[in-house]
Amino acid sequence: KAVVSTQSTGKEDSFLKIITKVASSNIIPLRRKKLILEYLGDFVTQSTARIDFCIALIGSDVHILLESLIKHLEDPEVNGLNDNSRYLLKTLDLSLCFTKKPGLREVLFAALHKLTDVEREDFRLILDICKKLSQSPVD
């Protein structure tokens, strides 16, 4: 169900960098969170370019996107990872998320544990996450 991102031009990249820099430095964190969640909406149907923009805009508050992913995974109708769920798990700095919000580690793994339709690719991704996290301890 995920939408594949389109290739962008150099001008678009430069424009996004400028917008991201201005927005991330001039918007207070609470409003930035609201803006991101409204802009991103249901991340499952968004392009990876839009997700990347949100990650850049949110800066060190990446736990906001992880919370959105967890909420999605906790939906009783969700049985597995989709392309954008995988993309977020690969892209987000989970160590930073868990440093800022240590309780999210347990919540994320509980949400992943409840999935019943786990593909080989998903299993490998979860193992990779565990490996990375074990190499960078979080208190």
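Predicted model: local features only at pLDDT ≥ 70, side-chain atom pairs only at ≥ 80, totals over all residues.
**Entry 1: the whole chain**

I began with the surface: the accessible surface of the chain comes to about 8700 Å², and 55% of that belongs to carbon and sulfur atoms. Accessible areas here come from the Shrake-Rupley method with a 1.4 Å probe, and for residues only the protein chains shown count as cover.

Residues are numbered from 1 along each chain as its sequence is written, and side-chain values use heavy atoms, with hydrogens and water left out.

Next I looked up the secondary structure, and I found eight helices and zero strands. Helices (H or I, at least four residues) and strands (E, at least two) are DSSP runs, numbered from the N terminus. Of the 139 residues, 37% count as buried; buried means under 20% relative accessible area, exposed over 50%, and partly exposed in between (1.4 Å probe, protein chains only).

I also checked contacts, meaning heavy atoms within 4.5 Å. Among contacts with a separation of 6 or more, 76% are between residues 24 or more positions apart.

Which residues of helix 3 are buried? In helix 3 (residues 48-58), I listed Thr 48, Ile 51, Phe 53, Cys 54, Ile 55, Leu 57 and Ile 58. Just after helix 3, I saw that Gly 59 takes a positive phi of about 60°.

Then I turned to packing. Helix 3 and helix 5 pack at an angle of about 35°, with their axes 11 Å apart. Axes are lines fitted to C-alpha atoms, for helices over the stretch in contact, and angles run from 0 to 180 degrees between N-to-C directions. Thr 48, Ile 51, Asp 52 and Ile 55 of helix 3 meet Asn 84, Tyr 87, Leu 88 and Thr 91 of helix 5. I sorted the residues of this contact into four nonpolar, three polar and one charged. For the sorting, Ala, Val, Leu, Ile, Met, Phe, Trp, Tyr, Cys and Pro count as nonpolar, Asp, Glu, Lys and Arg as charged, and the others, Gly among them, as polar.

**Entry 2: helix 8 and its partners**

Helix 5 (residues 83-91) also packs with helix 8, at an angle of about 20° and with the axes 10 Å apart. The two are therefore roughly parallel; angles under 35 degrees count as roughly parallel, over 145 as roughly antiparallel, 65 to 115 as roughly perpendicular and the rest as oblique. I found Arg 86, Leu 89 and Lys 90 of helix 5 meeting Glu 121, Asp 122, Leu 125 and Ile 129 of helix 8. This contact divides into three nonpolar, no polar and four charged residues.

The axes of helix 7 and helix 8 come within 12 Å and cross at roughly 160°, so this pair is roughly antiparallel. Arg 105, Phe 109 and Leu 112 of helix 7 make the contact with Ile 126, Ile 129, Cys 130 and Leu 133 of helix 8. Here I noted six nonpolar, no polar and one charged.

**Entry 3: two residues**

Is Leu 115 buried or exposed? Leu 115 counts as buried because its relative accessibility is 9%. I located Leu 115 in the loop between helix 7 (103-113) and helix 8 (120-135). Leu 115 and Asn 79 are 36 residues apart in sequence and 4.8 Å apart in space, C-alpha to C-alpha.

His 72 lies in helix 4 (residues 63-73) and, at 17% relative accessibility, counts as buried. Leaving aside neighbours within four places in sequence, His 72 is in contact with Phe 43, Val 44, Val 78, Asn 82 and Ser 85.
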